[in-house]
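Please prepare a briefing on the disulfides of the chain shown below.

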Amino acid sequence: MAPLTQALPLACLMLLLLCSAPGVGAQADQGFELRQPQKKMSVIAGETLTLTCTVTEGGPLGAVRWLKGWGSGNETIYDQKEPFSFRGTMAVDVSNTDFTILIRDIRPEDAGTYYCVKFRKTATGEELYRRGEGTVVSVQARPSNPTVYRPTRRVELGKTVSITCKTGGFFPSDIHVKWFKDRAPIQSQPILITPGPSNFTYNMSSTVKLTLQKDDIRSELTCEVRHATLTAPLTRRYRLGHILRVPPSVVVAQFPDPVGLNKTVNFTCDMQGFYPGSVTVTWLENGMEMNTGSPPRPTETPEGLFKLRSTVQVQAVQEKNISVFTCRVVHEGQDPISRRAVLWVAASDQQGPSSEGAHLLSSPGLWLGMLLEKAILSLVLFFLFKHWQA
């Protein structure tokens with residue numbers, strides 16, 4: 001039995017040397033494969049990116065990782081040793097061969113090249129064992145809903161206004177904008193594209209200039225945005241009536257003749273062709289505000305403009321002779337528009353045309369006196385109106 005006992009340690013030694021010989025471990029790993037089949041991927045921001053990687057059984061000890069980029073600046077996206085510490089999560093619950101990962105809520109800055117990497121344990125740590133060919137990921141971002149910017153104050157007819165349409169947060173930078181006025185295309189200024197908050201998105205601004213006309217009260221502008229990420233264009237509509245202002249034409253009728261004593265007189269203030277319909281009317285008697293009750297409401301014309309008539313009743317007593325009645329109109333917070341009329345009260349009630357005519361013919365002096373009184377009053381009124389206009 002002694003020769004057999006001595007042969008056993010020698011056989012074990014030979015087997016140990018054989019297993020540790022160079023090339024034996026490599027032959028055991030020759031069947032190991034790492035497959036990363038996706039060459040390029042395109043995804044829209046906000047969606048979930050799926051990166052595929054599978055390995056075969058029989059590889060050396062060591063973790064599988066997903067890296068974004070290669071070299072000193074790479075970023076770990078998934079680590080088999082710390083599966084919950086990074087953005088990437090396993091697509092399957094438990095697997096030693098399927099290392100497909102999911103990156104949720106993808107962002108434009110996630111664009112880059114991703115590598116599936118197998119590492120091998122060494123006596124001092126670990127080393128690269130296998131690496132996929134890489135998947136180039138491009139992230140497209142949809143533009144935000146357009147916003148229209150217009151003048152902060154209303155603009156009168158004949159003035160030129162600039163209206164701007166803006167959107168942002170999109171990638172790539174190629175974007176198209178069209179403007180329409182009541183469905184008819186109109187020309188805009190060149191599109192301005194600028195970098196967004198990050199280096200991976202862009203903002204866009206497009207402006208049109210228009211000279212406002214009266215028929216623009218009901219006109220509508222449309223800004224239409226098209227981008228590779230959109231299945232249908234984004235639109236924003238804007239009514240030009242929101243910035244248009246048409247001042248009223250104000251007229252107060254002046255009575256050509258004196259009013260009989262104690263008669264009731266209606267002074268009328270007509271306001272025509274204004275927009276929008278918000279207007280404030282105040283009556284003044286000799287500069288003092290009158291109480292006229294609740295004001296009437298403007299009515300809309302077929303053209304979309306507004307009109308309004310305001311009336312004040314006055315009793316023609318002698319104390320009100322040559323009183324000045326003013327209609328003051330304030331439209332959209334602008335400077336007041338004032339129109340005036342003078343009440344001329346006759347010295348006594350007139351009896352009618354026939355009796356007056358006979359009385360005047362029988363008294364030539366009285367007839368001449370009345371003519372002179374009218375001439376003097378007309379001159380006084382003329383100088384009063386000149387003073388008010390100044």
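Cysteine 53 is buried, with a relative accessible area of 0%, where buried means under 20%, exposed over 50% and partly exposed in between (1.4 Å probe, protein chains only). Cysteine 116 is likewise buried, at 0%. The model is predicted: local features need pLDDT of at least 70, side-chain atom pairs count only at pLDDT 80 or more, and totals for chains, interfaces and linings use all residues. Residues are numbered from 1 along each chain as its sequence is written, and side-chain values use heavy atoms, with hydrogens and water left out.

**Cysteine 53 and cysteine 116**
- These two cysteines form a disulfide with sulfur atoms 2.0 Å apart; a disulfide is a pair of cysteine sulfur atoms within 2.5 Å.
- Cysteine 53 lies in the loop between β3 (49–51) and β4 (54–55) and cysteine 116 in strand β9 (residues 112–121), so the bond ties together parts 63 residues apart in sequence. Strands (E, at least two residues) are DSSP runs, numbered from the N terminus.
- The link is left-handed, with -65° about the S-S bond.

**The other disulfides**
- Cysteine 165 is joined to cysteine 223, S to S 2.0 Å. The torsion about their S-S bond is about -80°, so this disulfide is left-handed.
- Cysteine 165 belongs to strand β14 (residues 160–170) and cysteine 223 to strand β19 (residues 220–227), 58 residues apart.
- Cysteine 269 and cysteine 327 form a disulfide with sulfur atoms 2.1 Å apart, and both residues are buried.

Note on methods:
Helices (H or I, at least four residues) and strands (E, at least two) are DSSP runs, numbered from the N terminus.
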